[in-house]
Amino acid sequence: MADPRGFLKVRQRETQPRRPVPVRIMDWKEVYEAQEKGTLKAQAGRCMDCGVPFCHQGCPLGNLIPEWNDLMWRDKADEAIERLHATNNFPEFTGRLCPAPCEASCVLGINQPAVTIKQVEVSIIDEAWDNGWVSPLPPARLTGKTVAVVGSGPAGLAVAQQLTRVGHTVAVYERDDKIGGLLRYGIPDFKMEKEQVDRRVEQMKAEGTRFRTGVSVGTDVTWEQLRRRYDAVVVCTGATVPRDLPIPGRDLDGVHFAMDYLVPANRAVAGETIENQINAHGKHVVILGGGDTGADCLGTAHRHGAASVTTLAIGKQPPAERATHQPWPTFPTLFEMASAHEEGGERTYLASTVEFVGENGQLTGVKVAETEFVDGKRLPKAGTERIIPADLVFLSLGFTGAEPAGITEQVHADFDGRGNVARDGYYMTNTEGVFVAGDAGRGQSLIVWAIAEGRAAAAAVDKYLMGSTILPAPVAPSDRAIAVL
């Protein structure tokens with residue numbers, strides 16, 4: 001364990017400092033600054049000898065959190081990265097983007113602020129990269145088996161790295177021009193700069209993973225061709241079908257899905273020339289949806305120089321403290337202040353969007369009303385309508401599942417009632433040799449779940465190909481149980 005009396009001596013939780021708002025909105029660099037080493041050590045030292053570390057239960061990856069907290073407190077970061085990599089292929093991703101369900105399960109969090117687990121995690125991997133402690137781990141021998149992974153988000157990358165390291169020949173197919181999926185083109189650089197993706201891809205190439213970019217599976221190459229060419233195929237295409245809002249005025253120019261705004265913006269930051277890019281400069285922006293994607297739109301609009309930004313959420317404002325119906329160690333719904341919210345904009349809750357208003361085909365405003373609850377349904381309250389001026393509206397309402405085109409016709413894989421590719425307890429679809437992992441199979445979820453599913457699906461594929469596996473399987477596809485492989 002870490003400092004035996006650390007949680008008594010250091011009761012204050014100190015998180016990473018953020019760059020000043022007037023400075024950071026002038027660029028696209030990450031908003032966080034490195035924490036002072038002594039402060040980080042003291043925060044790691046707050047980790048308790050709690051007997052049963054519920055942080056393991058909270059983390060889908062089963063990260064060995066008390067162990068690497070202890071090693072960081074003892075100034076053994078080189079050993080800490082080994083314990084971290086034992087369960088997590090990409091801690092630089094989760095350490096920046098995961099909402100940290102592990103912290104909600106921290107035993108110290110019962111009566112004190114939880115240990116800053118996520119912050120310690122990202123500090124370990126950043127120090128490891130800076131000191132050259134992250135090296136390729138190529139297999140000792142090849143099995144002669146081949147695997148195609150379709151999609152290069154966190155699930156696909158995790159599957160590919162695990163299978164490559166046990167000796168299979170793995171090719172990752174990505175329809176975009178660069179590897180990373182939404183890690184690259186959905187997440188703004190102010191949350192994670194793309195160097196983090198690039199150096200992992202280089203590590204994976206050195207290990208033997210092959211990457212095929214600019215290939216749309218289903219059109220450029222068919223799923224049948226992949227099945228004939230490879231011994232197994234893993235679908236990791238994500239849940240990319242956006243949830244629409246079919247209300248009057250939806251067809252007005254100026255109403256866009258969030259990803260239609262974020263993806264070109266990320267490409268522009270990467271130096272690409274984007275024709276007809278949606279730009280919020282000098283415009284009044286309304287964002288529908290109060291989640292992470294909405295916050296990404298908010299931060300992007302700030303950096304574009306929007307005249308105003310309003311975020312509308314149909315539900316109630318979450319509480320600042322854990323509610324009684326979400327007791328420890330469950331993951332509670334809390335009111336959060338993301339870095340983008342610090343930078344400005346108005347947040348409005350209990351706001352039902354009634355209509356998009358416009359003139360001559362162009363959006364001019366959003367008609368909203370107060371939300372009332374009738375028989376358990378959220379409905380606009382009559383007589384409370386008002387119009388918010390808007391030049392741009394971004395629909396950030398989540399995603400409804402995987403894109404069925406190609407998978408349905410060519411793979412003949414079933415979909416469940418929630419729009420996800422159906423799979424059995426070993427991640428296999430109803431088509432022999434075709435597996436699915438990540439959001440494509442479980443629906444829109446967290447990055448930590450994508451990596452965990454990728455690792456578990458890799459173990460299932462390895463067993464399918466070889467009859468047994470030495471790969472760890474942190475989660476079953478149905479729940480948090482350990483997959484028996």
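Let's start with the sheet: five strands make up an open sheet in the order E6-E14-E7-E8-E9, and the pairing is parallel. Two strands pair if DSSP finds at least two bridges between them. At the edges sit strand E6 (255–257) and strand E9 (346–348), each pairing on one side only. From one strand to the next, the twist averages 20°.

Before going further, a word on what you're looking at: this is a predicted model, where local features need pLDDT of at least 70 and side-chain atom pairs count only at pLDDT 80 or more, while totals for chains, interfaces and linings use all residues. Residues are numbered from 1 along each chain as its sequence is written, and side-chain values use heavy atoms, leaving out hydrogens and water.

Back to the sheet. Strands of a sheet pair through backbone hydrogen bonds, either parallel or antiparallel. Take strand E7 (residues 284–288) and strand E14 (residues 392–395): they pair in the parallel sense over four bridges. Within that pair, Ile287 stands opposite Phe394 in E14. Helix H14 (residues 258–269) packs on the sheet, where it touches E6 and E14, and its direction makes about 70° with that of E6. For such angles, axes are lines fitted to C-alpha atoms (for helices, over the stretch in contact), and the angles run from 0 to 180 degrees between N-to-C directions.

Is Leu392 buried or exposed? Leu392 is buried, with a relative accessible area of 4%. Buried means under 20% relative accessible area, exposed means over 50%, and partly exposed is in between, using a 1.4 Å probe and protein chains only. Leu392 and Val285 are 107 residues apart in sequence, yet their C-alpha atoms are 4.9 Å apart in space. Not counting residues up to four places away in sequence, Leu392 touches several others, among them Gly254, His256, Val285 and Leu363. Contact means heavy atoms within 4.5 Å.

Another leucine to find is Leu245, in the loop between strand E5 (241–242) and E6. Leu245 and Leu288 are 43 residues apart along the chain, and 9.6 Å separates their C-alpha atoms. Leaving aside neighbours within four places in sequence, Leu245 is in contact with Arg250, Leu288, Thr353, Phe356, Leu395 and Leu397.

In the loop between strand E8 (308–312) and helix H16 (339–342) you'll find Pro329, and the peptide bond from Trp328 to Pro329 is cis, with omega near 5°. Leu350, in the loop between E9 and strand E10 (351–359), has a positive phi of about 55° although it is not a glycine. At 32% relative accessibility, Leu350 counts as partly exposed. Tyr427 isn't a glycine either, and has a positive phi of about 70°. Tyr427 belongs to the loop between helix H17 (407–411) and strand E16 (434–436), and is buried, with a relative accessible area of 1%.

On to the helices. Helix H19 (residues 447–466) has 20 residues and reaches 28 Å from its first C-alpha to its last, close to the 28 Å expected at 1.5 Å a residue. That expected span is 1.5 Å times one less than the number of residues. H19 is mostly covered, with 17 of its 20 residues buried. Just after H19 comes Gly467, with a positive phi of about 95°.

Helix H9 (residues 117–130) has 14 residues, which should span 20 Å at 1.5 Å a residue, and its end C-alpha atoms agree at 20 Å apart. In H9, 10 of the 14 residues are buried, so the helix is largely enclosed by the rest of the structure. The buried ones include Ile117, Val120, Ile124 and Trp129. H9 is followed by Gly132, whose phi is positive, near 70°.

Finally, a helix pair. Helix H3 (residues 37–44) and helix H5 (residues 65–73) pack at an angle of about 140°, with their axes 8 Å apart. That makes H3 oblique to H5: angles under 35 degrees count as roughly parallel, over 145 as roughly antiparallel, 65 to 115 as roughly perpendicular and the rest as oblique. Where the two helices meet, Lys37, Leu40, Lys41 and Ala44 in H3 face Asn69, Met72 and Trp73 in H5.
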